[in-house]
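This note sets out a few points for a colleague who is meeting the structure for the first time. Please read the points with the model in view.

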Amino acid sequence: MASPDQDLAPVLDKDGVRLTVDDALATVSLTNPAKRNAQSPALWRALAEAGRSLPGSVRVVVLRGEGQSFSAGLDRQMFTPEGIPGEPTFIELARRDDAELDASIAEFQEAFTWWRQSDIVSIAAVQGHAIGAGFQLALACDLRVVADDVQFAMRETSLGLVPDLTGTHPLVSLVGYARALEICATGRYVQAEEAVASGLANVAVPVGELDAAVRDLAGALLAAPRDAVVETKALLRGAAGRTYDEQRAAERQAQARRLRDLAGVGE
């Protein structure tokens with residue numbers, strides 16, 4: 001992919017992650033195409049820092065990967081006995097007690113949790129491979145626009161692991177339990193046509209049109225009043241956990257807030 005944010009001064013640029021901000025639009029780029037944007041604890045810390053660095057003006061965040069792949073998953077060096085210099089190896093992690101191991105994984109997950117916060121809408125622009133941690137990072141976003149060469153796969157189970165970077169909840173929400181289990185347990189590829197048909201992706205476009213499609217979607221989101229988008233997002237995210245009548249009540253409450261706000265009437 002070309003870099004639509006290359007002319008902007010980065011707010012953050014470290015460990016394979018670059019954050020740029022153009023008024024209400026932020027772009028988070030994975031910037032190690034030579035390694036197909038493989039992920040490491042350092043990259044996760046940088047992604048979490050990017051989330052904390054967002055100015056309050058940002059309404060839409062685009063996540064993209066430079067090069068031919070969005071992200072091919074974990075850095076393979078993490079699977080070697082020596083691991084990545086300065087980072088714990090898998091063996092060292094396994095030797096920690098339950099509380100320490102839980103805290104370590106929770107820290108890794110922080111890179112994946114902020115994309116769905118209520119005051120932004122996040123869009124993953126996904127081309128090529130989105131494997132394992134790459135798949136889960138795409139799932140962390142609210143929306144996914146994919147290129148027609150996309151290949152999603154959840155390979156953790158084939159490595160004797162489980163998906164633990166927050167991807168299981170959105171995957172089940174999007175495609176249902178049975179298909180999510182089949183995708184995770186087999187580790188097979190999900191390509192563009194199936195991704196759209198199953199709800200994993202909002203739309204698929206030719207590779208050369210991915211940037212333009214994401215820009216168009218971001219522009220449409222930014223054209224709507226911010227508070228209305230925030231309230232609508234909250235309504236939709238909470239719908240699965242409410243009964244029909246509870247959702248009706250939530251709609252009424254949200255609409256009352258919007259009407260009062262538009263009319264300038266205090267509660």
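**Notes on selected residues and the cavity**

1. Thr166 is partly exposed, at a relative accessible area of 25% (buried means under 20%, exposed over 50% and partly exposed in between, with a 1.4 Å probe and protein chains only). Its phi is positive, about 75°, although Thr166 is not a glycine. The residue lies in the loop between β8 (151-153) and α5 (168-175); helices (H or I, at least four residues) and strands (E, at least two) are DSSP runs numbered from the N terminus.

2. The model is predicted: local features need pLDDT of at least 70, side-chain atom pairs count only at pLDDT 80 or more, and totals for chains, interfaces and linings use all residues. Residues are numbered from 1 along each chain as its sequence is written, and side-chain values use heavy atoms, with hydrogens and water left out.

3. Asn37 also has a positive phi, near 55°, and is a residue other than glycine. Asn37 is found in the loop between β3 and α1 and is buried, with a relative accessible area of 0%.

4. Ser40 lies in the loop between β3 (25-30) and α1 (41-52). With a relative accessible area of 13%, Ser40 is buried. Neighbours within four places in sequence aside, Ser40 is in contact (heavy atoms within 4.5 Å) with Met78 and Ile84.

5. The lining of the largest cavity comprises 6 nonpolar, no polar and 3 charged residues (Ala, Val, Leu, Ile, Met, Phe, Trp, Tyr, Cys and Pro count as nonpolar, Asp, Glu, Lys and Arg as charged, and the others, Gly among them, as polar). A cavity is a set of points on a 1 Å grid over the protein atoms alone where a 1.4 Å probe fits but cannot get out, and lining residues have an atom within 4 Å of a point. Helix α9 (residues 226-239) gives the largest share of this lining, 3 residues.
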